[in-house]
Amino acid sequence: MRGLAVFISDIRNCKSKEAEIKRINKELANIRSKFKGDKTLDGYQKKKYVCKLLFIFLLGHDIDFGHMEAVNLLSSNKYTEKQIGYLFISVLISASSDLMKLVIQCIRNDLVSRNPIHITLALQCVANIGSREMAESLSIDIPSLLVSGDTIDSVKQSAALTLLRLLRTAPELQMGEWTSRIIHLLNDQHMGVVTSAASLIEALVKKNPEEYKGCVSLAVSRLSRIVTSSYTDLQDYTYYFVPAPWLSVKLLRLLQNYPPPEDPSVRTRLTECLETILNKAQEPPKSKKVQHSNAKNAVLFEAINLIIHMDSDPNLLVRACNQLGQFLQHKETNLRYLALESMCLLATSEFSHEAVKKHQDTVITALKTERDVSVRQRAVDLLYAMCDRTNAEEIVGEMLEYLETADYSIREEMVLKVAILAEKYAVDYTWYVDVILNLIRIAGDYVSEEVWYRVIQIVINRDDVQGYAAKTVFEALQAPACHENMVKVGGYILGEFGNLIAGDPRSSPIVQFQLLHSKYHLCSPSTRGLLLSTYIKFINLFPEIKPQIQEILGSKNNMRNPDVELQQRSIEYLQLSSKATADVLATVLEEMPPFPERESSILAKLKKKKPSSVAETAIETTKEHKAMPAAQINSDGQPTLQISSPSSAGSADLLGLDIGGMSAPVDSSSSGGGGQSASDLLVDILGGPVPGGIGGGVGVGTTNGLDSSGLTVGAEENFLKFITKLNGVLYENDLLQIGVKAEYRQNLGRVGLFYGNKTSFQFTQFTTSISCPGQLSTQINVTEKPVDTVMEGGAQVQQMYNIECISEFTEAPILNISFISSGSNQKLHLKLPVSINRFMEATEMNADSFFTRWKALSQPEQECQKIFKATSSQDTELTKAKILGFGSSVLEGIDPNPDNFVSAGVIHTRNQQTGVLIRLEPNKQVEMYRLTVRSTKGSVAQTICEFLETQF
Amino acid sequence: MQFMLLFSRQGKLRLQKWFVAHTDKVKKKITRELVTLVLGRKPKMCSFLEWKDLKVVYKRYASLYFCCAIEPEDNELLTLEIIHRYVELLDKYFGSVCELDIIFNFEKAYFMLDEFLLGGEVQETSKKNVLKAIAAQDLLQEEETPQGFFDDHGLG
């Protein structure tokens, strides 16, 4: 078409946009007149003009005529005319055009024409437009082409992919009963047909996996034939020495729609294929061309995707991970990018998580040195995915450091990720507070409301971190320039907990107030509103600075502020502070109660922002923590004044004990080592190694085993260990470790249980309950805080029990635990380590009073005596330690025989105190003891005696 | 694959192939965005980037950029080789293809693409088979065209 060529060079010769438009308009006028003219154009001319119009359209100009002429070309019997007609239609006609009916009629004519090249053109047109109308009108014609015996291969190929396109447009389309035969196309002799059919089959499988299940074994055997063929076998389907890479990848993708094959022989064959692909990756390249390595690695990555999808073969997963590890340092940027991306998935598999972690340093280096931000982004994603309790501090530290120089495009996402990791893996909440404040300091503009809401919520819910948080925000606010988000967090926290640091003259009430108020004028109205609330809370916390605060509230600037919210707060707070009595103020301005548990809104935000990057494992993350107060804190970020009943704060501090050490499960000083495993950490909290004997008899498979009393095997022995100590391991098997830390005062006790998930996967439906057999329910009160039903792999969860001793008791409460681990139901029945001696306070007395009391308790029922053989060392110091651990005193110089031990204590119940006197006489020659216990209550003497007998 | 774009270093679009339906307005907007994005990237950078919900794979051959948008689960490396195989097909057909060949014979470039990819999926990976199909088309064209003297003389 010479005319077309001339026209194109004219356009190219145009010096300016205007000249081009002028030339085009001239051409359009010419074509329009030709089409309108009386002289009928022959097919060739029509084709030429239609082609010119197409060219003009592709240059970016609008075309509003010529469609009819193009449709006319479709019915030409000359191939080239038809071909240009179809091209024009494919590119230019919209699916809603009036001409579509006509077009579909022409297509149908060509489809039934029996002329393969016409059929192909028609199919290509359908595949290019793929409208719903086409899907509905041609849903019979096209499938029959695909399965008919006399269709030539190239038409089958086009028919398969055309059908695929129509299925995408109209997934609900029913296309007859041909579908069952379609999977057998995977066996077709013609590789091109298999290649096309594999895509169609995958689409069908996605719709209905069950119906096409038979394709699994066909795909595996086809794949096996390809990967074991030499590159000469497949002739033109070998691409740069790689046999049929496109088909291989399609087959590997098809298999990702199914679980690992059930049939062992198919499964073995598939494993062999995957191993062969991994082996080939280690072979020297057959060509230096990048096409060779790309095609080879394309198959490798798809194989790795399948390995990850099946997630069942640790060997393959670890090999895949090692292979990707090599790519992390490859000179090709593309490979480094893909390796980082694939590793993210491997990090979520329990089998390869540890293997991925080996590459942490390389990934951190990538984060720091990659020149392409999209690669650095992948490194961030991978660090996020590989993070767990063991490496959280290091990874979060590196991410914070990188954040200082990070590209603006990824900062917000990084901030969210750091915030989530810090919360999810915090063992020490002071660290969490530090991380979040650092985030605000480094990237304050990118710290969204969710993030700073969250830190406040956590500080409010965790009383062990409140003092630290107050001190830290106070220090942060002293920076000459600090971010407004810091002012918000600082204002809120000091308003709640400023009293905790007010004892230090450097952060006395007036200093705190002046520091906050120095930021006031630089802040937006919403932050000022928050600060006003802080000020009124200060009036309650620090009555001594009331005049200074009232002066600010009453200043003209506030009382007549144009912002109505600020004005109202100033006036109302001023009135409140001057009218209300101290009691009313204290009630109205009481500390915020704990926030209810909810999913982290930060995580929700990350999911929304980047659904793909929140790996499956991360999704269930933070349930064990408290979630954000979206409803509790006003949507504009202002703290509400919480009027709460006095009891809400009281219950947690029933005993007024300092439980700081108990709330933070791991002492910060011992959590520094990045290499510690989760179980090491669990041991650490107990201050020493787990005694060898514990759980020793409770191996795999016996976790559900019960002894004759209905308790889990070992429960009784483990309970007895706690007769003489407060802290230790109550129970341990391969899945779970339960640690205990307890405190008692008078008739009240608080027992903290630390459940440690020793596996790397989740426990679900984790529930605990307490049952008090027999009379016990009237003798003691046990109240527990429920635990979250999901426990992450490696996680440790704490549960507090408050116990009140109403009257003396002998039995122990039963702790029932049930959960699901890896699909199997686990049940444990243990004795909660609570015994009557725990409510005993040691009593000091001299010999006179001891013997006076001893003699006073001379009724037979007031004494219990036992003579028994020693079961452990009779070492004096050890025995002394056990008696002290039991809860009674060791009274020196009372018994005339220095080898004997005498001891006294008082048991506190709700309404009564019961004295207990103890005498233990060891006979080291025969390794025997005589134990005598006297008490005002015979039953108490009996119980104490029985407990003590087990300990020596 | 959702679409493939060919554009020059100056940002002129030379070929566009859409495997999903978009309005012209959307197509133009996407094209503008991607051309700017890809032209802004430095050599040696990664050939893959995330773009909206899709992945973009691009490669430069002389003055032309080939740029494909693929689904998240599609294989990036193999998409690079789809581009390469298409370049090879053009090269073989035109004999050392250059941008001008594609400008002047744009319809051939489209026809060839239809043989190679259909509905966004690879249809025929054998170079021989694709070229055979195109050669058959050319043969028909020669038979059909009345190489008339009254061929438009460049004025048609």
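Me: What makes up the area that chain A and chain B bury between them?
Reply: Chain A and chain B bury about 5,900 Å², with 52% of that on carbon and sulfur atoms. Buried area is the accessible area (1.4 Å probe) that two parts lose on being put together, summed over both. In chain A, L58(A), D236(A) and W246(A) lose the most area to chain B, together 12% of what that side buries. A word on the source: this is a predicted model, where local features need pLDDT of at least 70 and side-chain atom pairs count only at pLDDT 80 or more, while totals for chains, interfaces and linings use all residues. Side-chain values use heavy atoms, without hydrogens and water.

Me: Why is the pair E121(B) and R168(A) called a salt bridge?
Reply: The term needs a side-chain nitrogen of Lys or Arg within 4 Å of a carboxyl oxygen of Asp or Glu. Between chain A and chain B the count is four salt bridges.

Me: Which helix of chain A gives the most to the side that touches chain B?
Reply: That is helix α3 (residues 43-58), with nine residues. A helix here is a DSSP run of H or I with at least four residues, numbered from the N terminus.

Me: How many residues of each chain are in contact?
Reply: Contact means heavy atoms within 4.5 Å, and 75 residues of chain A are in contact with 62 residues of chain B.

How values were computed. Residues are numbered from 1 along each chain as its sequence is written. Chains are lettered from A and ligands numbered from 1 in the order in which they are written. Helices (H or I, at least four residues) and strands (E, at least two) are DSSP runs, numbered from the N terminus.
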